[in-house]
Amino acid sequence: MAKAAVRAGLVAVGLAWVLVAQVVLAADAKTYVLEGSKAAALESCVEPTDVMRRKHMELIKHQRDETVHGGIRSSKHSLAGCVECHIRSDADHVPQPIHRKDEFCGACHAFTAVNLNCFDCHASVPKGPGAEQASHAAFQAVGADRSVQARPDGEDH
Amino acid sequence: MKDHHEPTDPTDAGPADSGRRAFMGVAAGITAAVVAPGVVLHSVTAAPRSEAVTSDVRWGLLIDTAKCVDGCSACVDACDRENGLNLQNKPASASQEHWDDQKAVWIRKVQLQDNQTGRVTNLPLMCQHCEHPPCVDVCPTGASFKRADGIVMVDRHTCIGCRYCMMACPYKARSFIHKAVEDQLTRVPRGKGCVESCNLCVHRRDFGEDSTACVDACREAGHEAIVFGDLKDPESSIRKHLAEMASRQIREDLSLNTGVRYSGI
Ligand code: SF4
Ligand code: SF4
């Protein structure tokens with residue numbers, strides 16, 4: 001009896017932690033979306049939040065094959081698009097690598113202990129003129145107008 | 001395997017979709033308007049590809065070796081910048097000689113000498129975008145592949161770095177990334193343990209631009225030795241040039257039907 005109670009208690013504590021973590025992560029995530037960007041004003045990411053939490057890796061994996069083999073660059077499931085929205089700049093307007101343990105992608109992956117190797121090869125901050133094009137394509141695909149867009153370096157604020 | 005052994009003549013294209021092509025040319029382009037001091041509207045009107053590439057086009061290059069200048073490296077430098085190859089760092093432990101030998105390059109300036117006459121020809125040599133690419137034949141994972149539009153490239157997600165393709169390529173066109181990379185461009189992902197080579201500026205293709213970095217640089221340097229275009233479009237400038245001047249494939253004897261042609265060799 002006591003054993004069952006302890007187990008139930010542990011489960012309750014566990015559940016509470018998961019809830020807290022979700023709330024904390026959600027609150028954190030909010031701050032990681034570039035302030036003043038169109039993305040900050042969006043209800044959710046390119047898919048509803050629960051879908052993004054569970055499926056973002058499948059979405060990106062599907063998209064990568066279409067892009068590499070078919071040349072399709074207009075998908076809303078674009079890694080460049082992730083980086084563009086979720087990148088955070090420090091006080092000096094320097095964008096911080098998104099896979100760092102205290103940034104958007106890195107924090108969650110560290111918390112869940114899931115290896116994140118996208119950024120072994122992909123740019124972890126928007127970089128080069130192609131960054132602008134790629135992210136614009138992603139914005140277009142979700143139907144968000146990006147004609148006026150705060151830049152990650154904060155230069156045009 | 002049927003299509004594998006029947007080289008398609010690059011001249012066998014129909015004019016069917018030249019209208020679409022013309023439209024895509026118009027749709028491409030980037031504009032920026034200043035609406036008030038300090039406020040810049042970035043409006044990118046380039047149309048990113050939304051449908052998979054098809055074999056209606058076949059991209060290629062024509063290089064006029066008579067116009068390629070001894071000592072000029074404009075195309076190589078532009079390629080380095082366009083594709084982030086200039087961001088590679090020499091490991092402290094490597095000698096300069098070793099590094100020069102090992103770092104990734106997509107275009108090499110090659111000199112040919114006729115031993116009988118002593119005549120020297122300069123030419124840029126990059127992936128030849130073979131119609132029947134040996135690199136694709138030997139790749140055990142399917143990472144080396146040919147896009148429908150003729151561009152041969154490596155899917156780095158599936159490359160295991162075995163380097164069979166480097167051994168199979170008759171043109172020494174491929175490079176290997178030996179060390180972890182810190183600085184990548186958004187448009188050119190790059191990481192340790194993958195093979196890579198010229199991809200005809202594939203990001204430009206997919207955003208509807210009409211040239212490559214090397215072609216632009218060569219023109220800006222005043223030489224105009226390289227023409228880029230669609231080998232299947234009878235109206236393209238590359239086809240018109242090919243119709244007028246004698247051109248050859250390097251190692252024609254291998255019957256690879258390369259997408260890169262040279263005149264004056
Ligand atoms: S030139 Fe080499 S790398 Fe390029 S397609 Fe031919 S075999 Fe492959
Ligand atoms: S190195 Fe990569 S692309 Fe080349 S053959 Fe091996 S797996 Fe294929």
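Residues are numbered from 1 along each chain as its sequence is written, and chains are lettered from A and ligands numbered from 1 in the order in which they are written. In this predicted model, local features need pLDDT of at least 70, side-chain atom pairs count only at pLDDT 80 or more, and totals for chains, interfaces and linings use all residues, while side-chain values use heavy atoms, leaving out hydrogens and water.

I'll start with the contact between the chains. Chain B gives 31 residues to it and chain A gives 32, contact meaning heavy atoms within 4.5 Å. Together the two chains bury about 2800 Å², with 55% of that on carbon and sulfur atoms. Buried area here is the accessible area (1.4 Å probe) that two parts lose on being put together, summed over both.

Now the salt bridges. The term means a side-chain nitrogen of Lys or Arg within 4 Å of a carboxyl oxygen of Asp or Glu. Between chain B and chain A there are two. In a salt bridge, Arg73(A) meets Asp206(B) at 2.8 Å, N to O.

Over all chains, the structure holds 18 salt bridges. Within chain B, Glu196(B) pairs with Arg156(B) in a salt bridge, their closest N and O atoms 2.5 Å apart. Glu196(B) is in strand S9 and Arg156(B) in the loop between strand S7 and helix H5, so this pair ties together parts 40 residues apart in sequence. Strands (E, at least two residues) and helices (H or I, at least four) are DSSP runs, numbered from the N terminus.

Last, the helix pair. Residues Ala74(B), Cys75(B), Ala78(B) and Glu82(B) of H2(B) meet Ala213(B), Cys214(B) and Ala217(B) of H7(B).
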